[in-house]
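This report looks at how a protein surrounds what it holds, and at the spaces left within it. Please keep the sequence and the model in view while reading.

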Amino acid sequence: MTYIFAHRGASKYAPENTMSAFKKALEMKADGIELDVQLTKDKIPVIIHDETVKRTTDGKGFVSEFTYNQLQNLDAGKWFSKQFSGERIPTLEEFLIWMKQTKLLLNIELKNTIMPYYGMERIVYELVDRHKLKDRVIYSSFNHYSLQELKQIDQKVEIAPLYSSGLYEPWNYVKSLSTDCVHPHWRTLHPAILKGFRDHDIKVRVYTVNDPKKVKWLCDQKVEAIITDVPDTTRAVADGSLLVKPTVIGNVFHKINPKSYF
Ligand code: G3P
Ligand code: MG
């Protein structure tokens, strides 16, 4: 059975990366949550996608220039709708405390490709460890050096490289990172690529898939998980209560000759 991960929470229905979006994802029966972490000036891991606060709050400036206390003055809900005004940027710790009362899995995406956030890996790892949630957490990042740093801290952590380009035989690269998990953008996929991952026992969690027909095809392909903004319809497709015709993903990679992989 394919797991459903709510991308930034149930971000179609509530402001992304807020406690409202996470609670909604739980209500919609997501198996897990994907969220993005940046560091404040005083090195507190906070949940926000962009390096700056402009798009998703009423403030402006880099997250790294705000202390945790200063960030709490920003409204992270009203840009989405008036109904959510007063929503705050959550800390990762606040999320972990809430998550403990649930059975949710967690995918922490370290947002450290633009800002280097020195020491972020250990800060986040120790926080998760302190809350005894190591077994329910998957770390992902577009910064694969950072994932290797996590492995050096604890070789048992589950790491998953994110990628969005047409990597050649990506299973070889994934194995070179000493992991058996990968988080590709759905556009990079192709039946032959998925077969390559399957043949190498690599768990594929695909982002960000909202179209029910693509969801259906990916479930038929037995991917490990789908990361989605709409956990309700994605759940319905996955459990068969919403019937749709599958759409095969893979046309954009027309230069791949699928036969060479079968
Ligand atoms: O982790 C999957 C996805 O969230 C990666 O891209 O930009 O939505 O964080 P982005
Ligand atoms: Mg993300």
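The lining of the largest pocket divides into three nonpolar, no polar and five charged residues, where Ala, Val, Leu, Ile, Met, Phe, Trp, Tyr, Cys and Pro count as nonpolar, Asp, Glu, Lys and Arg as charged, and the others, Gly among them, as polar. The residues in question are Lys134, Asp135, Val137, Tyr139, Asp154, Lys156, Val157 and Glu158, and the volume of this pocket is about 170 Å³. On a 1 Å grid over the protein atoms alone, a pocket is an open set of points with protein on both sides within 12 Å along at least five of seven lines, a cavity is a set where a 1.4 Å probe fits but cannot get out, and lining residues have an atom within 4 Å of a point. Grid points are joined across faces, edges and corners, and a volume is the space filled by probe spheres set on the points.

The model is predicted: local features need pLDDT of at least 70 and side-chain atom pairs count only at pLDDT 80 or more, while totals for chains, interfaces and linings use all residues. Residues are numbered from 1 along each chain as its sequence is written, chains are lettered from A and ligands numbered from 1 in the order in which they are written, and side-chain values use heavy atoms, with hydrogens and water left out.

Ligand 1 has around it His7, Arg8, Glu34, Asp36, His49, Glu109, Lys111, Phe142, Leu162 and Tyr207, each with a heavy atom within 4 Å of the ligand. By class, this shell holds three nonpolar, two polar and five charged residues. The table lists polar contacts, which are pairs of N or O atoms within 3.5 Å.

| Side chain | Distance to an oxygen atom of ligand 1 |
|---|---|
| Arg8 | 2.8 Å |
| Asp36 | 3.2 Å |
| Glu109 | 2.8 Å |

Which residues coordinate the magnesium ion (ligand 2)? The donors, meaning N, O and S atoms within 2.8 Å of the metal (3.2 Å for Na, K and Ca), come from Glu34 (OE), Asp36 (OD) and Glu109 (OE), at 1.9 to 2.2 Å. Along the chain, these donors follow the spacing E-x1-D-x72-E. Glu34 is buried, with a relative accessible area of 3%, and Asp36 is also buried, at 0%, where buried means under 20% (1.4 Å probe, protein chains only).

A search of the whole structure also finds one cavity of 30 Å³ or more.

How values were computed. Polar contact = N/O pair within 3.5 Å; in protein donor to acceptor, adjacent residues only side chain to side chain. Buried < 20%, exposed > 50% of the residue type's maximum accessible area, 1.4 Å probe, protein only.
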